[in-house]
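This briefing goes through one protein model, strand by strand and then residue by residue. Keep the sequence and the structure in view while you read.

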Amino acid sequence: MSKPDELLVDVATLVESGQSNQMSLTVVTGGAVITGRLAPEAVWRQRVSEVLTDSARLGEFAAVFTATTPQDGPPVHLHFHMARILQGTVGIPETGGMYRVSIADVSAWTVGDFSYSDH
């Protein structure tokens, strides 16, 4: 989108306010369909940092995610947790992942997450 969808920015703003991390959303971006729950950026960064800290090979990258600078203005990214990229009848990864998506790159979206099936 050349101009981010104001309604999607409003949804992201409410999530960022810390009032909820239960908002399920599905977006189309760059030809991929990503579905999952949104989290405030600070919560998302903390969780990514924890995962990296627990990794023997990637622990040194954890600090990048905890060193944050407050952003002025409306959110410019969506922060998905427990999310999957839908590919045919499969969700990748099966257990859910952590994704950061630029709101400006979202070409379509809907409230709710999609289920997938291998049947």
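Which residue in E5 does Val27 stand opposite? Val27 stands opposite Trp109 in E5. The model is a predicted one, and the points below are grouped by topic.

**Strand E1 and its partners**

- On one pairing, E1 meets strand E2 (residues 32-38) in the antiparallel sense, over 6 bridges.
- Thr26 faces Thr35 of E2, and Thr29 stands opposite Ala32, also in E2.
- The hairpin of E1 and E2 has 2 residues between the strands, and Gly30 in this hairpin takes a positive phi near 55 degrees.
- E1 also pairs with strand E5 (residues 106-111), again in the antiparallel sense, over 5 bridges.

**Thr26, a residue of E1**

- Thr26 belongs to strand E1.
- Is Thr26 buried or exposed? Thr26 is buried, because its relative accessible area is 4%, and the cut-off for buried is under 20%.
- The side chains of Thr26 and Thr35 are joined by a polar contact of 2.6 Å.
- Leaving aside neighbours within four places in sequence, the residues in contact with Thr26 include Val33, Ile34 and Thr35.
- Ala108, Trp109 and Thr110 are also among the contacts of Thr26, as are Gly112, Asp113 and Phe114.

- E2 is mostly covered, with 5 of its 7 residues buried.
- E2 pairs with E3 in the antiparallel sense over 5 bridges, and in this pairing Val33 stands opposite Leu86 of E3.
- E3 and E4 run antiparallel and are joined by 8 bridges.
- Ala83 has Gly97 of E4 opposite.
- Between the strands of the E3 and E4 hairpin there are 2 residues, and Gly88 in this hairpin takes a positive phi near 65 degrees.

**Met82, a residue of E3**

- Met82 is part of strand E3.
- What is the phi of Met82? The phi of Met82 is near 50 degrees, a positive value in a residue other than glycine.
- Most residues other than glycine have a negative phi.

**Met98, a residue of E4**

- Met98 lies in strand E4, which covers residues 90-102.
- With a relative accessible area of 28%, Met98 is partly exposed.
- Which residues are in contact with Met98, leaving aside its neighbours within four places in sequence? They are Trp44, Arg47, Val48, Phe80 and His81.
- Met98 and Ala32 are 66 residues apart along the chain, and their C-alpha atoms are separated by 15 Å.

**Glu60, a loop residue**

- Where is Glu60 found? Glu60 is found in the loop between helix H2 (41-53) and helix H3 (62-66).
- Glu60 counts as exposed because its relative accessibility is 66%, and the cut-off for exposed is over 50%.
- The C-alpha atoms of Glu60 and Ser49 are separated by 9.7 Å, and the two residues are 11 residues apart along the chain.

**The cavity**

- How many cavities of 30 Å³ or more are counted? The count comes to 1 cavity of 30 Å³ or more.
- The largest cavity holds about 30 Å³ of space.
- The residues that line the largest cavity are Ala12, Val15, Glu16, Leu38, Ala39, His77, Leu78 and His79.
- Helix H1 (6-16) and strand E3 (77-87) are the elements that give two or more residues to this lining.
- By type, the lining of the largest cavity has 5 nonpolar residues, 2 polar residues and 1 charged residue.

Methods:
Residues numbered from 1 in each chain as written. Predicted model: local features only at pLDDT ≥ 70, side-chain atom pairs only at ≥ 80, totals over all residues. Heavy atoms only, no water. Pairing = 2+ DSSP bridges. Helix = DSSP H or I, 4+ residues; strand = E, 2+ residues; numbered from the N terminus. Buried < 20%, exposed > 50% of the residue type's maximum accessible area, 1.4 Å probe, protein only. Polar contact = N/O pair within 3.5 Å; in protein donor to acceptor, adjacent residues only side chain to side chain. Contact = heavy atoms within 4.5 Å. 1 Å grid on protein atoms, 1.4 Å probe; cavity = no way out; pocket = protein on both sides within 12 Å on 5 of 7 lines; lining within 4 Å. Points joined across faces, edges and corners; volume = space filled by probe spheres on them. Nonpolar A, V, L, I, M, F, W, Y, C, P; charged D, E, K, R; others polar.
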